[in-house]
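Colleague: I should like to learn how to read the features of a model such as this one. Might we go through them in turn?

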Amino acid sequence: MTGRTHDLAAFTTLSYIIVTHPVHSVSLATGLVAITANLVGGIAPDIDQPTAPLWKNLPIGGLFGRVFDKLLGGHRFLSHSLIGAAIFGFGFHYILILLTPSFPHLNMNIIWWAFIIGYFSHLVMDTITREGVPWLLPLPYRFGFPPYKDFRVQTGSWVERLVVFPILMIVCGYIFYTHYHQFLILIHQIAQ
Ligand SMILES: [Zn+2]
């Protein structure tokens, strides 16, 4: 899937989790950082792809992308597995611990969860693509849904742009529409 689809999937999943597991007393700063962490988590697994959106935006990103590509074993390898998710989860947790003294008012717990939700949404979305996802590395098997490859989505194809992306938009809109009051209460809390 492309970065744009991953970002929307991450945000949609985060919105769903927020309405099903309401959080209390979120500050504006925590909310904004959490949404950013969610979007970064949503594209983080593609760190192993030299052409990833993450690298494209950096001046010498192409070089870093190729280095990470080698380190992580090529595209759709370590960072696209449960072990990879655990490594990234611990790594991000460690970074947040280091940042806590400088930003004592941020709720790092919420920010960490937002990142992890984005990360898992990425793995789930890649599971419906042709290449599949090696969820259970080191077991050398790529899982995909539906099991028959030809029924899966090709990254960047018209199916992704004209079917998957619009469906995500509709789901996201539906979540906001059906939980409008919950979001209003949350925004009210944040504004206080
Ligand atoms: Zn990916």
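Colleague: What covers the buried residues of helix 5?

Modeller: The cover includes helix 6. Helices (H or I, at least four residues) are DSSP runs, numbered from the N terminus. A residue is buried if 20 or more other C-beta atoms lie within 10 Å of its own, exposed if 12 or fewer, and partly exposed in between, with C-beta atoms placed from the backbone. This is a predicted model, in which local features need pLDDT of at least 70 and side-chain atom pairs count only at pLDDT 80 or more, while totals for chains, interfaces and linings use all residues. Residues are numbered from 1 along each chain as its sequence is written.

Colleague: Which residues of helix 5 are buried, and where do they lie around the axis?

Modeller: An α-helix has 3.6 residues a turn, so residues three or four places apart point the same way. In helix 5 the buried residues are Gly84, Ala85 and Phe92. They lie on the same side of helix 5, because they cover an arc of only 95 degrees around the axis; the arc is that of the directions from the helix axis to the C-beta atoms. Ala86, Phe90, Tyr94, Ile97 and Leu98 are exposed on the other side of helix 5.

Colleague: What span should helix 5 have?

Modeller: The expected span of a helix is 1.5 Å times one less than its number of residues. Helix 5 (residues 82-99) has 18 residues and should therefore span 26 Å, and its end C-alpha atoms, 25 Å apart, agree with this.

Colleague: What covers the buried residues of helix 1?

Modeller: The cover includes helix 2 (28-43), helix 6 (108-127) and helix 7 (158-178). Among the buried residues of helix 1 are Thr5, His6, Phe11 and Ile18.

Colleague: Is Arg76 buried or exposed?

Modeller: Arg76 counts as buried because it has 20 C-beta neighbours inside 10 Å. Its place is the loop between helix 4 (61-71) and helix 5. Beyond neighbours within four places in sequence, Arg76 is in contact (C-beta atoms, placed from the backbone, within 7 Å) with Glu131, Val133 and Pro134. Asp48 is 28 residues from Arg76 along the chain, and their C-alpha atoms are separated by 7.1 Å.

Colleague: Which peptide bonds are cis?

Modeller: Most peptide bonds are trans. The bond from Leu137 to Pro138 is cis, with omega near 10 degrees, and that from Phe145 to Pro146 is cis, with omega near -5 degrees. Pro138 lies in the loop between helix 6 and helix 7, and Pro146 is in the loop between helix 6 and helix 7.

Definitions and conventions
Helix = DSSP H or I, 4+ residues; strand = E, 2+ residues; numbered from the N terminus. Contact = placed C-beta atoms within 7 Å.
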